[in-house]
Amino acid sequence: VDVDTTGPHAGRMLDFYLGGTLHTPADRAAARKMLAVNPHLITSARANRRFIDRTVRYLVGQGVTQFLDLGSGIPVRTPEYANLHETALAADPACRVVYVDNDPVVRAHADELLRGTGQGRAVYVEADVAEGAALYRHPDIAAVLDLDRPVAVSMNALLHFFASDDRARTLVEAFTAPLASGSHLTLTHITRDWAPEVMDALVRLYRKDVTDGGARSREQIQGLVTGLDILAPGVVNLADWRPGPGDDPLPAEQVNLYGLVARVP
Ligand SMILES: C[S@@+](CC[C@H](N)C(=O)[O-])C[C@H]1O[C@@H](n2cnc3c(N)ncnc32)[C@H](O)[C@@H]1O
């Protein structure tokens with residue numbers, strides 16, 4: 001892996017919270033500092049993963065077989081947590097999945113993990129999501145996604161890197177406007193609504209040691225999604241989004257993430 005591994009990296013720290021094996025000593029040291037501020041981060045990261053899993057299975061159940069995962073992060077390799085493409089392909093082997101991220105560390109691991117799958121229908125594209133709808137003309141994306149049929153676009157734990165509400169809303173619009181009816185948007189986002197002091201301290205520490213980012217309120221997150229039908233149960237603690245049999249209820253002040261699924265009318 002020919003990338004700088006001296007400092008902590010948010011993606012590998014997430015891998016640590018999920019019980020993966022890709023993290024470095026610097027990642028673990030930073031992650032432990034975060035856990036001292038918010039010991040529920042592990043619960044939160046895992047609940048986010050389970051939400052992704054449930055929503056992908058829900059969407060395949062709705063007949064959606066094309067996925068564009070923006071800000072995909074490092075694919076995890078743990079027995080407990082599947083990656084989006086693995087969940088989708090297990091539900092329907094005809095699924096097509098495009099991962100997009102702009103981080104060279106993610107690129108290095110994505111190549112390695114996708115190479116191992118033997119699946120021709122999951123691809124990784126290194127690109128900046130700030131490019132918006134122009135990404136649909138990227139040759140590697142256009143080759144995989146057919147915009148005449150429904151696509152599920154996910155922005156999971158991504159938009160907190162875009163501090164301006166206008167900018168974040170524009171991105172949601174850019175990626176959903178070109179989509180066929182029956183397409184969907186999935187979104188998760190950190191919030192300070194339920195544990196303001198802890199989350200403020202955590203965001204401050206991430207900004208200082210790792211990466212930029214910010215929380216949003218429920219109203220702000222709802223306001224990012226215009227012109228789409230937000231499905232029941234709405235913009236909720238993502239552990240409460242249509243939980244399955246294995247999903248125990250988790251207190252909102254431990255999860256600190258909203259989740260939503262919206263449909264393109
Ligand atoms: C917190 S991780 C979320 C990973 C995964 N979606 C999840 O929910 O578990 C956010 C990812 O977004 C990526 N990201 C941030 N800004 C981006 C941008 N402008 N273009 C592409 N990817 C971006 C980061 O590199 C990181 O891998």
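A nitrogen atom of the ligand sits 2.9 Å from a polar backbone atom of Asn-156. The protein covers 87% of the 600 Å² of accessible area that the ligand has on its own. Keep in mind that this is a predicted model.

**Where the ligand sits**
- The ligand takes up the space of the largest pocket.
- There are 19 residues around the ligand, and the ones that come nearest are Asn-48, Gly-71, Asp-101, Asp-128 and Asn-156.

**Who makes up the shell**
- Sorted by type, the shell around the ligand has nine nonpolar residues, six polar ones and four charged ones.
- Helix H3, which runs over residues 41–61, gives the largest share of that shell, with three residues.

**Polar atoms facing the ligand**
- Asn-48 uses its side chain: an N or O atom there is 2.9 Å from an oxygen atom of the ligand.
- Gly-71 uses its backbone instead, with an N or O atom 2.8 Å from a nitrogen atom of the ligand.

**A look at His-189**
- You'll find His-189 in strand S5, which covers residues 184–190.
- Is His-189 buried or exposed? His-189 counts as buried because its relative accessibility is 0%, and the cut-off for buried is under 20%.
- The side chain of His-189 has a partner too: it makes a polar contact with the side chain of Arg-216, at 3.0 Å.

Methods: Residues numbered from 1 in each chain as written. Predicted model: local features only at pLDDT ≥ 70, side-chain atom pairs only at ≥ 80, totals over all residues. Heavy atoms only, no water. Near = heavy atom within 4 Å. Polar contact = N/O pair within 3.5 Å; in protein donor to acceptor, adjacent residues only side chain to side chain. Areas by Shrake-Rupley, 256 points an atom, 1.4 Å probe, with all protein chains shown as cover. 1 Å grid on protein atoms, 1.4 Å probe; cavity = no way out; pocket = protein on both sides within 12 Å on 5 of 7 lines; lining within 4 Å. Sits in = over half its atoms within 2 Å of the grid points. Helix = DSSP H or I, 4+ residues; strand = E, 2+ residues; numbered from the N terminus. Nonpolar A, V, L, I, M, F, W, Y, C, P; charged D, E, K, R; others polar. Buried < 20%, exposed > 50% of the residue type's maximum accessible area, 1.4 Å probe, protein only.
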